[in-house]
Amino acid sequence: MRPAFRGRRGKQWIAASSLLLLLAAIFFPLPWSAPAQARTIDVNAREFAFEPATLEVHQGDTVTIHFESLDAEHGLFIDGYDVDLHAEPGKSAQVTFAADKAGQFKIRCSVSCGVLHPFMIGEMQVDPDWPLVRAVAATLIVTVGAVAFFWGNES
Ligand SMILES: [Cu+2]
């Protein structure tokens, strides 16, 4: 199979387009990126759900959860994070932690609160830190560009 781009012009084209992609990966604003910040999220619990059911934060954020129960005693336990809050009606609880791990983490009620307690589940989504995403994209572009560059140089 003949390489798609060969010779001096091909190499120049590959080098130029790789460089453009690389600059775009590093500097183009990503729609999902946001600088790390301190966030305070109010979470209410009632039989048998969390409100909101999904918490969205960014990796690197300092997250404060203010937890309140609207009926019985409930807990808020986040898988993968060392977070476990208990709240009785009228007595709220609060925790502050660093969202240092990206991914999706189940939130469970950690107080046996009734028949549907096992189904009292929420989720915390921690969006990945954008510098890491950019670094991965930049590395991929450099690798693909280099492979194409040297491949085009053969034969
Ligand atoms: Cu509960």
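Leaving aside its neighbours within four places in sequence, which residues is leucine 76 in contact with? Leucine 76 touches Val43, Ala45, Ile65, Phe67, Leu85 and Ile107. Contact here means C-beta atoms, placed from the backbone, within 7 Å.

Some ground rules. This is a predicted model, where local features need pLDDT of at least 70, side-chain atom pairs count only at pLDDT 80 or more, and totals for chains, interfaces and linings use all residues. Residues are numbered from 1 along each chain as its sequence is written.

Now the core. The largest nonpolar core has 19 residues. Among those with the most contacts inside it are Leu76, Val57 and Met124. A nonpolar core is a set of buried Ala, Val, Leu, Ile, Met, Phe, Trp, Tyr and Cys residues joined through C-beta atoms within 7 Å. Buried means 20 or more other C-beta atoms within 10 Å of the residue's own; exposed means 12 or fewer, and partly exposed lies in between. Elements giving two or more residues to this core include strand 4 (62-69) and strand 9. Strand 4 gives the largest share, 3 residues. Strands are DSSP runs of E, at least two residues, numbered from the N terminus.

Next, strand 9, residues 121-127. Gly122, Met124 and Val126 form its covered face. Ile121, Glu123, Gln125 and Asp127 form the uncovered one. Why two faces? In a regular strand the side chains alternate between the two faces of the sheet.

Who pairs with strand 9? Strand 3 (54-58) does, parallel, over 5 bridges. Strands pair if DSSP finds at least two bridges between them. Leucine 55 stands opposite methionine 124. Strand 8 (103-108) pairs antiparallel, over 6 bridges. There, lysine 106 stands opposite glutamate 123.

Terms used:
Helices (H or I, at least four residues) and strands (E, at least two) are DSSP runs, numbered from the N terminus. Two residues are in contact if their C-beta atoms, placed from the backbone, lie within 7 Å.
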